[in-house]
Structures are given as C-alpha cells and as structure tokens.
Amino acid sequence: DDTDREYNETFVVTLSNPQAPAILDADNSTAQVTIIDDEPRPTLEFTNSTQSVNEDVGTLNVDVNLSASTPLAVNVDYTITGSANSASDFNLTAGTLNFPGATTTQTLSIPITDDTIDEPQETIILTLSNPQGADLGATIVKTITISDNDTASQVRAVNTTVIEGAM
C-alpha cells in the first residue's frame, strides 16, 4: 500500500506446467487482477474566499489549488457573477481550468479595467463546479471587490441674473 494517487493497476496471472497429481484446467488457466487505488481524491479550492483590489491593479491573478499531486488529469469549471461588468470592468469569461498530471496550482488571470468613471465598489464572484478527477474543497466561491480610484465630478450651481427677453 502506498500513498500515491494513481490509476488502478491491472496484471494477468497465467498458470502453467502443473506438477502431478495436479491437472491444469485450460479454460481457467489465466486470471486478471486489478489493484484498486484506495487514496482519497484530492480537492480543489481557492486559497481564500475574499479579496479586495483597486481598479488600477492591472491584472489580478487568482490561484485555484489542488490539495495533492496526482498523475491523473484534473479539470474544474468556473463561473462568473457579481456586480462588475465583464465588458467594461474586467476581461474574463466562464470556462474550465485544466490541471495536467502532477500540477497542483492553476491561475486565473483577470485583467481589471482602470476606467475614468466614478462608480461604487463592484464585485466579481468566481464559483468552482463540476470537478473531474477531484472533489470540491471548502472554499469554492471567491468574492473579489474592486474599489474605484476615480474622483467624483463636481457640479455647482451659480447664481445669475437674466433680463427677460434678452435671451
């Protein structure tokens, strides 16, 4: 028994050359044996559930971690919700992260748009789902808060006098 997560292993045993008084049944002289891996499946999750960034951060890197190395391929889908707009506040679409064998971290790179619009804080919510080759861990939802770096425009009313008919 080992501690490696691996494919099930199969081998064949073939009986031959029996010694008297044994007789070999030709129809039952081979057997296939499968060793089933008994290690728990690794888990996928974000490093933490929340993160705050300023709008001028540039590209935000978000890691998704696999709890243990495995020679097996692992995949996980991610979706994006929240109040931030993918067309004007950031550039990322929902998709699938692929972990080739022996890889324990994959990174989502999210370009954040530094616009000139004064706006309230906005959120990007990433959710992991549909794992293949692993299970979901405890931290599968990550909320990213984007803080605006623009100053509000000021509008001032100015008293004025207008003579009737002059305009």
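This is a predicted model: local features need pLDDT of at least 70, side-chain atom pairs count only at pLDDT 80 or more; totals for chains, interfaces and linings use all residues.
Student: Why is threonine 70 called buried?

Tutor: The relative accessibility of threonine 70 is 2%. Buried means under 20%, so threonine 70 counts as buried. Threonine 70 sits in the loop between E5 and strand E6 (74-81).

Student: What makes the approach of threonine 70 to leucine 72 a polar contact?

Tutor: A polar atom of the threonine 70 side chain lies 3.1 Å from the backbone nitrogen of leucine 72. The cut-off for a pair of N or O atoms is 3.5 Å, and the distance of 3.1 Å is within that limit.

Student: Why does proline 100 count as partly exposed?

Tutor: Its relative accessibility is 46%. Exposed would need over 50% and buried under 20%, so proline 100 falls in between and is partly exposed. Proline 100 belongs to the loop between strand E7 (95-99) and E8.

Student: What makes the pair of aspartate 135 and arginine 41 a salt bridge?

Tutor: The closest N and O atoms of aspartate 135 and arginine 41 are 3.1 Å apart. The limit is 4 Å between a side-chain nitrogen of Lys or Arg and a carboxyl oxygen of Asp or Glu, so the pair qualifies. The two residues come from distant parts of the chain, 94 residues apart: aspartate 135 is in strand E10, and arginine 41 is in the loop between E2 and strand E3 (43-46). The structure has one salt bridge.

Student: Are the two partners buried or partly exposed?

Tutor: Aspartate 135 has a relative accessible area of 34%, and arginine 41 has 35%. Buried requires under 20% and exposed over 50%, so both residues are partly exposed.

Student: Why are E8 and E10 called edge strands?

Tutor: The open sheet runs E8-E5-E3-E10, with mixed pairing. Strand E8 (105-111) and strand E10 (135-136) each have a single partner strand, so one side of each lacks a neighbour in the sheet.

Student: How do you know that E5 and E8 pair?

Tutor: Pairing needs at least two bridges, and strand E5 (residues 59-66) makes seven with E8, in the antiparallel sense. Aspartate 63, for example, has threonine 107 in E8 as its bridge partner.

Terms used: Residues are numbered from 1 along each chain as its sequence is written. Side-chain values use heavy atoms; hydrogens and water are left out. Helices (H or I, at least four residues) and strands (E, at least two) are DSSP runs, numbered from the N terminus. Buried means under 20% relative accessible area, exposed over 50%, partly exposed in between (1.4 Å probe, protein chains only). A polar contact is a pair of N or O atoms within 3.5 Å; within protein, one must be able to donate a hydrogen and the other to accept it, and residues adjacent in sequence count only if both atoms are side-chain atoms.
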